[in-house]
Amino acid sequence: MLVDYHTHHERCGHAVGRLEEYVRAARERGLKEIGLSDHQPVLHIRPEDLLPEVAMPLEELPLYVQEALALKEKYRGEIEVKVGLEADWVAGYGEQVRALLAQYPFDYVIGSVHFLGDWDHTDSRQLAGWETRDVLTTYEEYFEQIRAAAASGLFDTIGHIDVIKRFGYKPERSWEHLLEETVVAVRDAGVCVEVNASGLRYPCAEQFPSKRMLEMMHSHRVPLTIGSDAHKPEHVGLGLDTVVALLREVGYREVYGFTGRERYAIGI
Ligand SMILES: [Zn+2]
Ligand SMILES: [Zn+2]
């Protein structure tokens, strides 16, 4: 029985479909649990300087949580609805995120590094940012922020941990040392790492993280969560069968779910 711990919906502006459509899609696909995890409102860029359609405005957050909690009740007994958030790690903003998270009864929080400063390297509209940056240096900066996110203690699972590869920009020299350092850091932090199937649909053409990184995680006994990163209801659960097959091949026999920010094992 599969679970999907990474989904979005129309409030962020770049996904489509109401929350309930995601819950229904998950139920139709026979998922046991669905995690609702829309993007955190952006805190580190002033609204007037932010591109449109990045994340919900701050005033929408209580409405999102309220609606998600109502769906949890409505579908109780049919499918477990988990109320989460995909939060952003941005250096210098940890305390603001901590204060925001403390206001809501989340089941779990994903910590993702979408931004290096004001640059959103996951946004296909901002690919020009690569033209002025050295790829290996950018990878180093990215994984340094991932390690800081893991160590912050703010998050239950680290989202799409090697998403810096999403659009196919890869350093000419080896970056394996960055992966090793990062795996050790997440192991030391005791946080889960998400295996995110959406990479299969992007130019990098593989899940986040790579099989190599998953093997390192397995040898360090890093616990995992899984998610589709669906931005439309028909993508709920998409690619997770491929991900689970890979995890079994690497040696994993369980992933983790969350209730009230406490994790529990789910056999795969
Ligand atoms: Zn998104
Ligand atoms: Zn993300």
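**Close-ups of a predicted model**

View 1. Start in the loop between strand E2 (33–36) and helix H2 (61–74), which is where Glu 53 lies. This is a predicted model, so keep that in mind for every view here. Glu 53 isn't a glycine, and yet its phi is positive, near 60°. What makes that worth a look? Most residues other than glycine have a negative phi.

**View 2. The zinc ion (ligand 2) and its protein donors.** Which residues hold out an atom to this ion? The protein donors are Glu 86 (OE), His 114 (NE2) and His 160 (NE2), and they lie 2.1 to 2.2 Å from the zinc ion (ligand 2). Along the sequence, the donor residues follow the spacing E-x27-H-x45-H. Take Glu 86 and His 160 as a pair: they link distant parts of the chain, 74 residues apart. Glu 86 belongs to strand E3 (residues 80–88), while His 160 sits in the loop between strand E7 (157–158) and helix H5 (176–189). Are these two buried or exposed? Glu 86 has 1% relative accessibility, so it counts as buried. His 160 also comes out at 1%, so it counts as buried too.

View 3. The zinc ion (ligand 2) is 5.6 Å from the zinc ion (ligand 1).

**View 4. Helix H6 meets helix H7.** Two packed helices are described by the angle between their axes and the distance between the axes. For H6 (residues 211–219) and H7 (residues 240–250), the axes come within 10 Å and cross at roughly 50°. The two helices are therefore oblique to each other, and their crossing is right-handed. Who does the touching? On the H6 side look for Lys 211, Leu 214, Glu 215 and His 218, and on the H7 side for Leu 246, Leu 247, Glu 249 and Val 250. Sorted by class, that contact of H6 with H7 has four nonpolar, one polar and three charged residues.

View 5. In the loop between strand E8 (192–196) and H6 you'll find Pro 209. A cis peptide bond joins Phe 208 to Pro 209, with omega about -5°. Now hop to the loop between H6 and strand E9 (224–227), where Arg 221 lies. Arg 221 is not a glycine, but its phi is positive, about 55°. Is Arg 221 buried or exposed? At 75% relative accessibility, Arg 221 counts as exposed.

Key: Residues are numbered from 1 along each chain as its sequence is written. Chains are lettered from A and ligands numbered from 1 in the order in which they are written. This is a predicted model: local features need pLDDT of at least 70, side-chain atom pairs count only at pLDDT 80 or more; totals for chains, interfaces and linings use all residues. Side-chain values use heavy atoms; hydrogens and water are left out. Donors are N, O and S atoms within 2.8 Å of the metal (3.2 Å for Na, K and Ca); water is not among the atoms, so sites may look incomplete. Helices (H or I, at least four residues) and strands (E, at least two) are DSSP runs, numbered from the N terminus. Buried means under 20% relative accessible area, exposed over 50%, partly exposed in between (1.4 Å probe, protein chains only). Axes are lines fitted to C-alpha atoms, for helices over the stretch in contact, and angles run from 0 to 180 degrees between N-to-C directions. Angles under 35 degrees count as roughly parallel, over 145 as roughly antiparallel, 65 to 115 as roughly perpendicular and the rest as oblique. A crossing is left-handed if the near helix is turned anticlockwise from the far one by less than a right angle, and right-handed if clockwise. Contact means heavy atoms within 4.5 Å. Ala, Val, Leu, Ile, Met, Phe, Trp, Tyr, Cys and Pro count as nonpolar, Asp, Glu, Lys and Arg as charged, and the others, Gly among them, as polar.
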